Amino acid sequence: MSMRIVPPANHSSTFTSTNTSAPSAPGVHDTLRHGIGPSVLDTSSGAPAPVSRHPLEARLKAWESTQENLRMVSLRRAFGIAEPIRRGMELKITREGEWRPLALGGGARSVHEDILRGREAMLDWEDVFTGEEQRAVVSVHEEMERKLKI
């Protein structure tokens, strides 16, 4: 139960680039050299965590998690253990309960999750550019067949 406001400075000063990036733009998939990219329907590998390209990006992600932890600790001290548990359960229900096809923005955060996290008035880079621009287009029917294992 730490009341830390700023995340600890444990970033590295170097990073390794993946081999699918364009030499002129690290982090951008090079379609001409490496094809269209991973398949949209490939769920065997799970959802890989994005690799941070810059120490500031890793620091900002740590900042968000530190702020969330601080908010939960403050709620626990003010209202008891039930409030953070209730909010965590609501967030989990919201994440797992809603399914939308990829054609309708299925991988994006929902409005409900944004409200529960207190981010409904914020617009981030990930809200506009989801990373799905380079992937092959999958029809709703193919996705339903995959989800229902038909």
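Visitor: Which exposed residues does the face of H3 turned away from its buried side carry?

Guide: The model is a predicted one. In general, an α-helix has 3.6 residues a turn, so residues three or four places apart point the same way. In H3, the face turned away from the buried side carries the exposed residues Ala 82, Met 89, Ile 93, Glu 96 and Gly 97.

Visitor: Which residues of H3 are buried, and why do they line one face of the helix?

Guide: The buried residues are Glu 83, Pro 84, Leu 91 and Thr 94. Viewed down the axis of H3, they fall within an arc of 100°, so they line one face of the helix. The cover over the buried residues of H3 includes helix H2 (55–79) and helix H4 (111–117).

Visitor: What span does H3 reach from its first C-alpha to its last?

Guide: H3 covers residues 82–97, 16 residues in number, and reaches 22 Å, close to the 22 Å expected at 1.5 Å a residue. For H2, with 25 residues, the reach is 36 Å, close to the 36 Å expected on that basis.

Visitor: How do the axes of H2 and H3 cross?

Guide: They come within 7 Å and cross at roughly 135°. That makes H2 oblique to H3. On the H2 side, the contact is made by Arg 71, Met 72, Leu 75, Arg 76 and Phe 79; on the H3 side, by Glu 83, Pro 84 and Arg 87. The residues of this contact divide into four nonpolar, no polar and four charged. Met 72 and Leu 75 are also among the buried residues of H2, and H3 is included in what covers the buried residues of H2.

Visitor: Does Asp 114 count as buried or exposed?

Guide: The cut-off for buried is under 20% relative accessible area. Asp 114, placed in helix H4, has 13% relative accessibility and therefore counts as buried. Not counting residues up to four places away in sequence, Asp 114 touches Arg 109, Arg 119 and Glu 120.

How values were computed. Residues numbered from 1 in each chain as written. Predicted model: local features only at pLDDT ≥ 70, side-chain atom pairs only at ≥ 80, totals over all residues. Heavy atoms only, no water. Helix = DSSP H or I, 4+ residues; strand = E, 2+ residues; numbered from the N terminus. Expected span 1.5 Å × (residues − 1). Buried < 20%, exposed > 50% of the residue type's maximum accessible area, 1.4 Å probe, protein only. Arc of directions from axis to C-beta. Contact = heavy atoms within 4.5 Å. Axes fitted to C-alpha atoms, helices over the stretch in contact; angles between N-to-C directions. Parallel < 35°, antiparallel > 145°, perpendicular 65-115°, else oblique. Nonpolar A, V, L, I, M, F, W, Y, C, P; charged D, E, K, R; others polar.
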